[in-house]
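Please keep the sequence and the model in view while reading the points.

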Amino acid sequence: MLSRPWLFLQMRRSFCWLVPVLLLGCCSAVGAEDFFLTIGGGYSPSGNQASLENNVMFAQRALGEQGVLGEHNDVFFSDGDAVGKDLQVMDPNSVPKANRLMAEFFGSSNDLGLSYRNHNIPNVKGSTEPDNIRKWFGGVGQTMMSGDRLYVYVTAHGSRSSDRQSPYDTTIATWNNSAIRMTEFVEMLDGLPKGVDVVAIMVQCHAGGFARFIFNEGDPEKGLSDQNRIGFFATVHDRPASGCTPEVDEASYVEYSTYFWAALSGRNRSGRLIERPDYNGDGVVSFDEAHAYTVITADTIDLPVMSSGEFLSIHSFFDEDDPKLLRNDESYALILSLATPSQRAILEGLSEQLELNGDQRITEAWKTTQSDQNRGSSRRRRRSSPEEGLRRRITRDLERKWPELANVLNPVSIDLLTSRQDEFVEAIEDHPDYPRYRELLAETDTDQAKTKVKYERFVRIADNVALAGNLRRLGDEQLISQFNAIVDAESGSLKQNAGD
């Protein structure tokens, strides 16, 4: 059986350079401290959504509840402590019901309830402009000592690389329409004292470009950095990420860090306890287990990445002509037997969600990811949804009752929004089709893009299991040692410096 083409990783051997062995220890030095650096918010008021503020608040709450936030906790957000309306907020419920219904049936609900205010994050150190971040690394960063850990949490916007020759040099969008490129971020990390470990959690669009920060100058050809770095990224370098919204209702948030912080803290955004994803049963939720929980649980368009997978994309490969290497169409039973506890949890969890069965499920899942690749776009006009048909019927009936509604600025229309608003709301809510219309709106339709990406997550994890096996079969002891050290660091936890 011919193996399927390799979807995600480059099929090449790139062992021409020598690199130092990475020593990412599971345990930090006695007395070592954790430093937290948060970079959050948008590039301007119109790009600074309420969800970014709430992400920072949730992370701070989750970390605080775990008792790991000490004196070294610095937050840079949007315009810093400047006075002004820098945050975009959307609260449709702040708009009178008559106005909401008028917009829904006779106009547009877009931006209804949109407003701006100053952000509410306390004790910000400054704006996210690149100079401020560089100054932090040149100031606070220089006080760190060997064995200390730096956590960098980025909840912002991001962009593709502007250089086609360097597609992984993606950016973090920072205040005043500025940006920090991946390679610039690597330069900042390079300036930290020797022996400092780095853990990054990044949820901006195209965050996966920063997965290459583990390499010198962000370039795999220049070898692995001497600095111990691991990262967890919402999605790959060439895709947008879920999550940025001006909506104030946090129950609707489904971005990467919503699940990552919940897994580490044991509580979701609403404060409710979740079942801790302790997949290996050691009593502690590790970083890789939090990542796995996110991959399984997040109903988003994201294709998450972590450092070990990025390392494998460079240093391991599939070769159907080499009989000693695993193929990318191996049986599910074999892949499951080689998987780590976190990887097994993902494979089994997604198998259940996607109703995947049998020993050839990996190949079948891969076929599903390819099903729309060569399908041309249809010229046919899409049929309207059932709820749209009901909405139009309700609109027509109301216009028969009040022909003046043909123009929402007509005096009668204005009366229906003001002095007669109860009459208007009652007419809509008493329409015989209105209950079914609301039911249809409330139903969660299957989102093909979100379902397809779960197949991609499944295949990516299965491939990473096989690629890890191939790395060991290739026998380069230095690369194997480096990979094992990264995996060990990913299995670390928030409280390791405290000795918990």
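1. Basis of the note. This is a predicted model, in which local features need pLDDT of at least 70 and side-chain atom pairs count only at pLDDT 80 or more, while totals for chains, interfaces and linings use all residues. Residues are numbered from 1 along each chain as its sequence is written, and side-chain values use heavy atoms, with hydrogens and water left out.

2. The chain as a whole. The protein chain holds 16 helices and 10 strands; helices (H or I, at least four residues) and strands (E, at least two) are DSSP runs numbered from the N terminus. Of its 500 residues, 53% are buried, that is, under 20% relative accessible area, with exposed meaning over 50% and partly exposed in between (1.4 Å probe, protein chains only).

3. Contacts and surface. Among contacts (heavy atoms within 4.5 Å) with a separation of 6 or more, 80% join residues 24 or more positions apart. The chain exposes about 23,200 Å², of which carbon and sulfur atoms supply 47%; the areas come from the Shrake-Rupley method with a 1.4 Å probe.

4. Helix H2. This helix spans residues 97-106 and is mostly covered, with 7 of its 10 residues buried. Among them are Ala98, Leu101, Phe105 and Phe106. The buried residues of H2 pack against helices H11 (386-401), H12 (411-417), H13 (421-429) and H14 (434-442).

5. The largest pocket. A pocket is an open set of points on a 1 Å grid over the protein atoms alone, where a 1.4 Å probe fits, with protein on both sides within 12 Å along at least five of seven lines; lining residues have an atom within 4 Å of a point. The largest pocket has a volume of about 580 Å³, the space filled by probe spheres set on the points. Of the 35 residues that line the largest pocket, Met306, Ser308, Thr340, Gln343 and Val487 are the closest to its centre. Helix H15 gives the largest share of the lining, 8 residues.

6. Two glutamates with positive phi. Which loop holds glutamate 217? Glutamate 217 lies between strand S8 (197-202) and strand S9 (229-233); its phi is near 60°, and at 48% relative accessibility it counts as partly exposed. Glutamate 355 has phi near 55° and sits in the loop between H9 and helix H10 (361-370). Glutamate 355 counts as exposed because its relative accessibility is 67%.
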